[in-house]
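Work through the exercises below with the sequence and the model side by side. Try each task before reading its solution.

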Amino acid sequence: MAKIELRQIRKSYDRYVAVENLDLDIIDGEFLVMLGPSGCGKTTTLNMIAGLDYPSQGQILFDGRDVTAEPPHGRNVAMVFQSSLLYPHLTVRKNIEASLRHSKLSKAERAQRIADAARMLELEPMLDKLPSQMSGGQRQRAATAKAIVREPACFLLDEPLSALDAALRLSLRSELVNLQKRLGTTAVFVTHDQVEAMTMGDRIAVMSKGNLEQIGTPDEIYNQPASLFVATFLGSPPMNVVAGAISNGVFHAGPVAIDLAGRGIPNGPVSLGVRPQHVTVTAPDAPGAIPVTVYALEHLGRESVVIGDDATGNKLRALVDPGFHARIGDRLGIAPEAGACFFFGADGRRIAVSSSPA
Amino acid sequence: MTKRRPNFVIAMTVLIIWSLLPILWFVRMAFMNHAEIANFPPHIFPSSFNLSSFVNIFGYDYKLADGSISAASGQAGQIELGLQNSIIVSAAVTLITIIIVVPLAYVFARLDFRFKNVLLNAVLLAVAIPPVSTLIPFYTLYVQLGLVGTLPGLIIIDLTTTVPFVTWMLIGYFRNLPPIERLARIDGFSRLHTLLFLILPLARSGVAVSAIIAFLFAWNEFTFALVLVNGTPATTLPAAISGFLGQDPNPAQLAACILITIIPPALVAFFLQRHLAEMNIADPVR
Amino acid sequence: MATIAPQKAKARRRELTDGQFALMIGLPVILLLIVIVAYPLAYSAWMAFHRILFFGGYRTKFVGFKNFATVLNDPEFWWCTWVTIRFTVESVILTMLLGLAIGLLLNRPTRFGGVWRTLVFLPWCVSLYGAGLMFAYLARGQTGLPTAILAHLGMQNVPDFMTTRTIVEVLAIGSSWTMAPLVGFFVLANLKTIPKRLYDLAAIDQLTPLETFWNVTLPPLRFTLFVFTSIATVLSMKLFDLIFVLSAGGPGDASSTLTYQLYKVSFINLNLGYGAAMSFFLLLFIIGLTMSLYLIWGRREKQI
């Protein structure tokens, strides 16, 4: 159990900068998800926390203790790797035991720990199998058992579920969170899957191009995105983005005009972001609605998504009742609710304003 | 075998015949007697299967069916000595090659360090140098060091070929092993422990194949042996057999000797062929 | 949050870095390798720049590039170069085709698979001098299989392949006979990694067997094929044992490759300076040929 602090971390390989001036506080006992597209630096950051990789600059503290130069084992971390890497030539029991190699436990205590971990993950019948003889889900459980058996300061998980099929992922997701909450151990979970991030994390750290875009609870990340990148990366179906401009405190984009009450906003290009549940489908020529041509209609069961192309080919999505009917090629209007819109400046950061119809 | 595959059967038959024909030609010769071999035109099959050649080359007389005696070969002493030395040299070269090459190939395949490419090129250059052009430099050096006509001398010179060649072959194989070093670092295993107790058992096919290659090379090495140990107490089987070419031409005994030399590598290959089929050096398809 | 000035990560690491471990494991071996490569090369270079005389007392004389110039002006050298190229090209192409065939055939599941594998592997167990002797007996008209078969059928012809025109082909067949199993087994190992679903896909797309081979089987093999084309090229150009035993460069100089010529010049004529200079040209050809293979082909394969 540990509080982990990253101070001004920078990691570069030759000329390529993988992580830039990262400050991150991971609270004791929390489940932190690091989310971002591939190449954003999230795995590099995880490796630096693990000690598999060393930062070029900056400090890493575990409970206030500087571990920046400490090798992985000295930090007492446990890690689950992509596609649940295990030693292929060792049985599950031997694999789990390898985690305890450097502990000062007696033989009986070790056996007890392994038995406990195996029971917790329902691995008892498989302890003497080789990883190649098990299914993907069983391997994932074995890798988790190997991680928890050491009672580490923190769990580090590097996309452990990405190689599994959807149904298995769903059940293992809640299983992992449940386990982490029961043990109360700090966990850092790296993923590029926003659904995984939203459902599992106590907090989410969104990264892009080596920078930390935003850190916060799933609710904060979803409802108060700090940037256009965060806003569009999270949410399914994704947020609609409409390019427009501000003049004299009013946002204009074609027929859409929204008054931004905040004064002193400089004129210039601005992007409007609105989630599909915060738009209404209207007639194509309704005031305040962007005319679109229906591109597709997706049925999700409880609701449906209309996808339309506007005049520039930009795709806009609207959540509608499951009974909604439209044919591809139909003309419709999509009108954003003024109060639920986000505005992002040219630099991609969100402009804090309260908005109302103009 | 649910489907009949005539094309496959034909192709496989052709392949087997192709592989065995030259060997069978020598089997035929080995069973012939002097007169039969000299006969023209040559017969396809020997008239009788007499084992005299195989007995003669180990220094024993053989009583033929017609009561005459096929005398022991004058080369028998050299052959037995050569067989003994060849076993020592091949075992030593195989063992030392493995001990040197496994860590070396591992380092080149899976670690990143400065001058890696320069050093790798040096290894490749060592593969490219023809033995004929290194013979005189090594011979001169060996004369000064007193290594001519000794087993260690031959072992060292065999290693100069096996080490770079096997390293080259193993690098691709090591690259394809799963990245368990990261797992091992988390578990707190030292680098050396990781290599010896985690990578090595995982790489046993690669090690087995390295052993086959090194053994075959040392067992069959001819040029160096001819120059360095031929006619000395350190003579090896290939050098001893060369005696049949010049001093004492006897095709049947020569053929018998060559056949004997095939047996040990064939046994090695038979027991390790499973590993040969595991030796993938390319990126696996995903 | 108090800002901490960015500081260099401390060098105190109890783990060895890649470089340190490589040094620890590899340095002694690498040093040995350098000695093995550097010493003979340096010695050969010294010889190549000297005239070395044995008769009338051993003496040496520095002659600069004279030996190299003599090599380049020697028509015999260019003839041997031509023989080497002809032999290498034939031997490599045959080896690779045979190796591919061996891999493909052994990849089919059959009963007694281990027995077939061992039989196909046998030629590699035969030493090069052994193979040289076998092919010499097989190809010579006096003792060969073709003569025996014809005589068996009652014909009097004596087909002889140990002639000026065909000796290089006999050598190429002999060398590919011994080398092909090695290639075949590596191809086999690579073939085994191709997932079956790719063949299912090919079946769904109704590809002909040839198209399947071209689009499914061959692409994953390309890297292995490149590596072994390089290896076969190097081994063919270095080949000595087989030629020494099979043809001794003959008839005449019809099969006198550079390695054999090198042996003749250095060990029979004892013209060490000239031989050393020639060995550098041979080494240059070997490196040049493998480099061009890499530039033309290997560079395009993703993993080198």
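**Exercise 1.** Find the residues in contact with Thr236(B), leaving aside its neighbours within four places in sequence.

*Solution.* Step one: apply the cut-off. Contact means heavy atoms within 4.5 Å. Step two: list the partners. Thr236(B) touches Gly82(B), Asn85(B), Ser86(B), Val89(B), Leu154(B), Ala225(B) and Val229(B). Thr236(B) sits in the loop between helix 11 (223–228) and helix 12 (237–241) of chain B. Helices (H or I, at least four residues) and strands (E, at least two) are DSSP runs, numbered from the N terminus. Step four: classify Thr236(B). Its relative accessibility is 3%, so it counts as buried. The classes are buried (under 20% relative accessible area), exposed (over 50%) and partly exposed in between, with a 1.4 Å probe and protein chains only.

A note on the model: it is predicted, local features need pLDDT of at least 70, side-chain atom pairs count only at pLDDT 80 or more, and totals for chains, interfaces and linings use all residues. Residues are numbered from 1 along each chain as its sequence is written, chains are lettered from A and ligands numbered from 1 in the order in which they are written, and side-chain values use heavy atoms, with hydrogens and water left out.

**Exercise 2.** Decide whether Gly59(B) is buried, partly exposed or exposed, and find its contacts.

*Solution.* Start with location: Gly59(B) is in the loop between helix 3 (52–56) and strand 1 (62–63) of chain B. Its relative accessible area is 34%, so Gly59(B) is partly exposed. Beyond neighbours within four places in sequence, Gly59(B) contacts Ala72(B), Ala76(B) and Glu80(B). Now check Ser73(B): it is 14 residues from Gly59(B) in sequence, and their C-alpha atoms are 5.8 Å apart.

**Exercise 3.** Which residues form the nonpolar patch on the surface that includes Ile93(C)?

*Solution.* Patch members have over 30% relative accessible area and no salt bridge; nonpolar side chains (Val, Leu, Ile, Met, Phe, Trp, Tyr) are joined within 5 Å, like charges within 9 Å. A salt bridge puts a side-chain nitrogen of Lys or Arg within 4 Å of a carboxyl oxygen of Asp or Glu. The members are Trp79(C), Trp82(C), Ile85(C), Val89(C), Ile93(C) and Leu97(C). Together they have about 580 Å² of accessible area, by the Shrake-Rupley method with a 1.4 Å probe; for residues, only the protein chains shown count as cover. Ile93(C) belongs to helix 3 (residues 75–106) of chain C. At 49% relative accessibility, Ile93(C) is partly exposed.
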